[in-house]
Amino acid sequence: MPTTAGAPTPAQLSAIAELVESSRPVSDGLGGRFAEHGKELALVGGPVRDALLGRPSHDIDLTTDAVPQRVLELVDGWADSVWTVGIDFGTVGLRKRDLQLEITTYRSESYSPKSRKPEVAYGTEIEDDLLRRDFTVNAMAVRLPAGEFVDPFGGLADLRAGILRTPGKPEDSFSDDPLRIMRAVRFAAQLGFELAPEVADAARDMADRLTIVSAERVRDELAKLMLSPDPSRGIGLMVDLGIAPHVLPEVPKLRLEIDEHHRHKDVYEHSLTVLDQAIELERSRGHEPDLVLRLAALLHDVGKPKTRAFEGPGRVTFHHHEVVGASMSRKRLTALRFPKDVISDVAALVGLHLRFHGYGKGEWTDSAVRRYARDAGPLLERLHILTRADCTTRNRRKAAALARSYDDIERRIEALAEQEELDRIRPDLDGNEIQEILGLGPGPEIGKAYRYLLELRLENGPMEKEAAIEELRAWAAEHLSS
């Protein structure tokens, strides 16, 4: 049953008025146009919620009792352009000057037990449309052009309390669209809200329903969670509610047993701490939220369960867990249909995250520093952040020593980069020059010569061209003589 939410505060009424004012071309032009033809139009969902929270929103989501074909007729001559990609699901997209918006017909959606695609039915009442929304805080609307606030399910009260509830029974909501289970933890991380007990219970009981949702939809929701202000909170909820085994099964497996003979850090808690610390460094260095960095921070130790071994009393090892983890990360992100560049970058960072620990107190030669920078390539800044974040020891002296060592390697990389343009390291002779000097055409011998000169460049730094030619001829005399 609908609940009484109480009246908006003066500040919230002002926020609603500002929302209507900010969308004036829509509220006056389009809202008036619909009203003239006896049709309803309302701002709905995220934009209304964000306005009441005082958060910026760049979306304009509208709902109407007009069916899609009627929407097309009503926007004809008003919209600058129209697209119908989502028309099968009741959504018409359009643009007016610099405004881009979507209009969705009042509807209900449901999944049959084994279907990955929702069945859509149109409705005639806005309350019925709001009932099918995921959470009460997203089930508020503002009628246009009048600016009337509509809140039949207590969304405003839940917004004030910081609670996520569903307009109807959570079991019905999650059955209609199982992705709402993921959306619950995402909104908890994004808005800092708590799940109502009945919502948490339903998510736990119905988590296996996520298996019918397409990998692409799950991926998009996971990406939004990882880019939220507090993704570790959402990941924690996914693990606690039994959602993670259906999305990121490697993460709950990081909860390794600790017995009286083989004590070691909880890898799961460590991974969440690394994620939090990476985000702090990301912000302090002035970077925007970075999906690749955050995924790498979460997954950097996923290879540990498979590589754990006990070597003597009280000694636990995870030899080559970074190699195994890189492979596991690649496999999981591929299954979730992440873009290839995201997959390769995350796997590369996972594979590189232990490299720094051989640095010691600065024993690396300039050659080793060059290789470190060369192997990281465009991921170097992310690797800096990930490696620093990976220090979660409570031993202040050890943490300070690691920080000093990494300060040192960053300074050395910067100094070498200034001298040698490290990010564009190439041999001192290019492929065409190698061919000309050796009198050979393209082929594997040229590739071998190129790699040899690259190794010399990394080992010794830049050489004069004459010296490089001399080195090349000496190498060729030894390796290319018939």
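Asp 290 sits at the N-terminal end of helix H13 as its cap, with a side-chain oxygen 3.0 Å from the backbone nitrogen of Val 292. That is a polar contact, meaning a pair of N or O atoms within 3.5 Å; within protein, one must be able to donate a hydrogen and the other to accept it, and residues adjacent in sequence count only if both atoms are side-chain atoms. The model is a predicted one, in which local features need pLDDT of at least 70 and side-chain atom pairs count only at pLDDT 80 or more, while totals for chains, interfaces and linings use all residues. Residues are numbered from 1 along each chain as its sequence is written, and side-chain values use heavy atoms, with hydrogens and water left out.

H13 is largely enclosed by the rest of the structure, because nine of its nine residues are buried (under 20% relative accessible area, with exposed over 50% and partly exposed in between, for a 1.4 Å probe and protein chains only). Its buried residues include Leu 291, Arg 294 and Leu 299. They pack against H10, H11, H12, H15, H16 and helix H18 (380-389). Helices (H or I, at least four residues) and strands (E, at least two) are DSSP runs, numbered from the N terminus.

H15 covers residues 321-335 and reaches 21 Å from its first C-alpha to its last, close to the 21 Å expected at 1.5 Å a residue; the expected span is 1.5 Å times one less than the number of residues. Among the buried residues of H15 are His 321, Glu 322 and Leu 333. The cover over these buried residues includes helix H13 (291-299), helix H14 (304-307) and helix H16 (340-352). After H15 comes Arg 337, with a positive phi near 65 degrees.

Asp 266 belongs to the loop between helix H11 (231-240) and helix H12 (267-284). It counts as partly exposed because its relative accessibility is 27%. Its side chain reaches the backbone nitrogen of Tyr 268 at 2.9 Å and that of Glu 269 at 3.1 Å. Over in helix H17 (residues 366-376) is Ser 367, which counts as buried at 4% relative accessibility. Leaving aside neighbours within four places in sequence, Ser 367 is in contact (heavy atoms within 4.5 Å) with Leu 458 and Glu 459.

Then there is the largest pocket, which holds about 1700 Å³ of space. On a 1 Å grid over the protein atoms alone, a pocket is an open set of points with protein on both sides within 12 Å along at least five of seven lines, and lining residues have an atom within 4 Å of a point. The lining of the largest pocket runs to 48 residues, with Asp 61, Glu 102, Arg 183, Arg 186 and Lys 224 nearest its centre. Elements giving two or more residues to this lining include helix H3 (46-53), strand S5 (99-105) and helix H10 (215-226). H8 gives the largest share, six residues. By type, the lining splits into 16 nonpolar, 13 polar and 19 charged residues; Ala, Val, Leu, Ile, Met, Phe, Trp, Tyr, Cys and Pro count as nonpolar, Asp, Glu, Lys and Arg as charged, and the others, Gly among them, as polar.

As for the chain, its secondary structure comes to 22 helices and 13 strands. Of its 482 residues, 49% are buried.

How values were computed. 1 Å grid on protein atoms, 1.4 Å probe; cavity = no way out; pocket = protein on both sides within 12 Å on 5 of 7 lines; lining within 4 Å. Points joined across faces, edges and corners; volume = space filled by probe spheres on them.
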